[in-house]
Amino acid sequence: MGFTLEDIKNKLFSDKNPPELVLFNSIVPMGILGGVIAVGISFSISSLLLQNLVCAIGIALLGLLFYLANWKGKIKLASICSIVLMSGIVFPIMFFTGGGHHSGMTSWFFLAVIFNFLIIKKTAFYIVLFMQSIIITICYLLSLHHPEFIRQIPTETEQVVDILQSLLLSSIVIGCVIKFQNRINQHALDAIKKANEDLRDSE
């Protein structure tokens with residue numbers, strides 16, 4: 001018997017799920033979808049084939065972490081690993097294989113930092129934020145002072161395409177997450193309001 005969309009919704013966004021799991025489930029699928037679309041668009045740029053391969057591997061690993069969070073209950077591990085994986089490994093490799101600071105990677109680094117603020121909590125948040133800051137700074141300094149380390153995007157047109165699609169996709173992903181979170185918050189407020197009204201009616 002297959003899953004319906006309602007079954008999937010109830011599994012991922014049930015009121016019985018911990019808030020951090022619901023937030024994780026609203027963010028990671030959007031990130032995966034944005035990555036898939038980015039890979040699809042970037043296939044038109046021959047110089048980004050290696051970057052696309054790295055991105056595809058990252059998407060597959062995010063899918064595995066999504067499984068661990070929802071079906072194995074490893075939400076804290078999955079949250080930390082997803083941010084560390086993308087910020088510390090996948091995005092830096094994509095940066096060096098896909099144009100460096102002349103590419104759209106700024107948008108994806110920005111997305112990773114925002115997701116850290118949303119997903120990870122307490123001491124782990126500050127550790128990951130510090131790691132992200134160091135890694136991003138090193139990437140851009142190396143790109144600036146050692147351009148020989150960077151696999152450049154050959155034409156200005158291809159650079160613009162990469163920057164534009166990265167900017168638009170990362171903005172849409174963040175917007176969708178914010179919109180989804182607003183819906184969840186409104187649902188919670190409506191439930192509280194209804195509970196208060198039922199309480200008053202029973203008095």
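A residue counts as buried when its relative accessible area is under 20% and as exposed when that area is over 50%. Keep that cut-off in mind for this predicted model. Isoleucine 174 has a relative accessibility of 17%, so it counts as buried.

**The overall picture**

Let's step back to the whole chain. It has seven helices and zero strands, so reading from the N terminus you get α-α-α-α-α-α-α. The C-alpha atoms fill a box of roughly 75 × 40 × 30 Å along the principal axes. Of the 203 residues, 40% count as buried. The accessible surface is about 11,900 Å², and carbon and sulfur atoms account for 70% of that. Take the contacts between residues at least 6 apart in sequence: 75% of them join residues at least 24 apart.

| Helix | Residues | Number of residues | End-to-end C-alpha distance | Expected span |
|---|---|---|---|---|
| α4 | 75-97 | 23 residues | 31 Å | 33 Å |
| α7 | 156-202 | 47 residues | 69 Å | 69 Å |

Helix α4 comes close to its expected span, and along the way it bends by about 40° at methionine 86. Just after α4, glycine 99 takes a positive phi of about 105°.

**Back to isoleucine 174**

Isoleucine 174 is found in helix α7. The buried residues of α7 also include Leu169, Ser170, Val173, Val177 and Phe180. In an α-helix there are 3.6 residues a turn, so residues three or four places apart point the same way. Which residues does isoleucine 174 contact, leaving aside its neighbours within four places in sequence? They are Phe110, Leu111 and Ile114. Phenylalanine 115 sits 59 residues away from isoleucine 174 along the chain, yet the two C-alpha atoms are separated by 8.8 Å.

**Helix α5 and its partners**

Among the buried residues of α5 are Trp108, Phe109, Leu111, Val113, Phe115 and Ile119. What do the buried residues of α5 pack against? The list is α2 (19-42), α3, α4, α6 and α7.

Now for the outside. Lysine 122 is found in helix α6, which covers residues 122-145. Is lysine 122 buried or exposed? Its relative accessibility is 72%, so it counts as exposed. The backbone there deserves a look too: lysine 122 has a positive phi of about 60° although it is not a glycine. Most residues other than glycine have a negative phi.

Glycine 73 is the other one to click on. Its place is in the loop between α3 (49-71) and α4. With a relative accessible area of 55%, glycine 73 is exposed, because that value is over the 50% cut-off. From glycine 73 to tryptophan 108 you move 35 residues in sequence and 27 Å in space, C-alpha to C-alpha. Tryptophan 108, for its part, is one of the buried residues of α5.

How values were computed
Residues numbered from 1 in each chain as written. Predicted model: local features only at pLDDT ≥ 70, side-chain atom pairs only at ≥ 80, totals over all residues. Heavy atoms only, no water. Helix = DSSP H or I, 4+ residues; strand = E, 2+ residues; numbered from the N terminus. Expected span 1.5 Å × (residues − 1). Bend = angle between axes of the 7 residues up to and from the residue. Buried < 20%, exposed > 50% of the residue type's maximum accessible area, 1.4 Å probe, protein only. Contact = heavy atoms within 4.5 Å. Areas by Shrake-Rupley, 256 points an atom, 1.4 Å probe, with all protein chains shown as cover.
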